[in-house]
Amino acid sequence: MESHGHAAGEYVLGVDSGGSGLRVALGTVAGEEPLATSVCAEPVRTGPAGIDAAHLLDQLLPTVRHLLARHGGGDRIATAAIGAAGMATLGGQLRAELPTALADAFGLRQLALAADAVTAYAGAVGQRPGAVVAAGTGLIALGTDLTQWRRADGWGHLLGDSGGGAWIGRAGLDAAMRAHDGRRGGSPALLARLEAVFGPAPELPGLLYPRTDRPAVLASFAPEVAACAAAHDPVAEGILRDAAGHIAEAATAVCPKAGTPDAECEVALTGGLFRMGEPLLVPLREELARQLPRARAVPGSGDPLLGALRIAQALATDGLRLPLHPTLLRVTVSPQESGTSRGATEQGSRPVSH
């Protein structure tokens, strides 16, 4: 590829926008680790028009200027990558407004806008073929052979996210309510934990249904399911076995060459769900061995913020190998660069497969 003449000491920027807030990492083109990171005050708002670009910029611009000032870098950044939860479906404002705003503010040459699953992939797997399962409250699997992306799930707690934290928590609460009613499939142990966490079981609907953060509330019960499974409650153990099956199915769906007998695939597991430990990981290893016998499950080697920084570094050296896509991974360039780089005309021409 043609070089853009980026100097080894130039700055690059990685940004991760999610439900827990906006995180920023400043690095250099050649540096292995960020020079500095910062966490902004609040998550970026989402409104009727999608993710609020103005709210993101109101937080991001002063944070970046502060990081640059701390490191004597003036106001110049070569490349940046921004990963955001909801980018694929709610990122229209970001794609329309951020390239110009960041080019004006920092002289940015190239900007990658990515779904958070893509930055999770870059942080966990790097730029190799493979798959990542990112699981917390929800769950999404993403894989690539470096020609196209394959996605499975990530459809939210009403339509999917099977095996994720909200899914596990809801299954645990269902088993608790069954025990309260005397129905088949109930777990007295989970009922006891429900009452300890939320109070009397009949009051749970009134506590849960009015909440706008129902997925997070459901997911908050997932560790209780894991604790009961660790104490050998058979219903809780069954819930985690079912969750493991769903997670393995998502990984199988996105692994390159999935379904062929000799398929080899590195599957990285990243996200807070896997901190549950052995009650989930033991059945998950068994399910991966059954569904993907030649898969190699590895813990994620980096998080989405590090993945965003790695994408920015790859852009700065013309080394980005991950496939472009109109909503999953889109690269734009400043006008002065558009004639000498991948350019605004190649903003994700490769397909995604479901």
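A residue is called buried under 20% relative accessible area, exposed over 50%, and partly exposed in between. Take R183: its relative accessible area is 39%, so R183 is partly exposed. Keep in mind that this is a predicted model.

How many salt bridges does the structure hold? The count is 11. In general, side chains of opposite charge can pair when their charged atoms come close.

Another of these bridges joins R23 and D303, with the closest N and O atoms 3.0 Å apart. R23 sits in strand β2, and D303 is in the loop between β12 and α12, so this pair ties together parts that are 280 residues apart in sequence. R23 is partly exposed at 22%, and D303 is partly exposed at 30%. The two also belong to a network of salt bridges that includes D16.

A further bridge is between R290 and E287, at 2.8 Å from N to O. These residues are three apart in helix α11, which means about one helical turn separates them.

Staying with α11, which spans residues 278-291, its axis comes within 8 Å of the axis of α10, residues 234-254. The two axes cross at roughly 45°.

Next, backbone angles. L146 is not a glycine, yet its phi is positive, about 75°. L146 lies in the loop between β9 and β10 and is buried, with a relative accessible area of 14%. D153, also not a glycine, has a positive phi of about 60°. D153 is in strand β10, and at 14% relative accessibility D153 counts as buried.

Last, the surface. Which residues make the nonpolar patch of about 410 Å²? They are W155, L158 and L159. L159 lies in the loop between β10 and α5, and with 73% relative accessibility L159 counts as exposed.

Notes. Residues numbered from 1 in each chain as written. Predicted model: local features only at pLDDT ≥ 70, side-chain atom pairs only at ≥ 80, totals over all residues. Heavy atoms only, no water. Patch = residues over 30% accessible without salt bridge, like charges linked within 9 Å, V, L, I, M, F, W, Y side chains within 5 Å. Areas by Shrake-Rupley, 256 points an atom, 1.4 Å probe, with all protein chains shown as cover. Salt bridge = Lys/Arg side-chain N within 4 Å of Asp/Glu carboxyl O. Helix = DSSP H or I, 4+ residues; strand = E, 2+ residues; numbered from the N terminus. Buried < 20%, exposed > 50% of the residue type's maximum accessible area, 1.4 Å probe, protein only. Axes fitted to C-alpha atoms, helices over the stretch in contact; angles between N-to-C directions.
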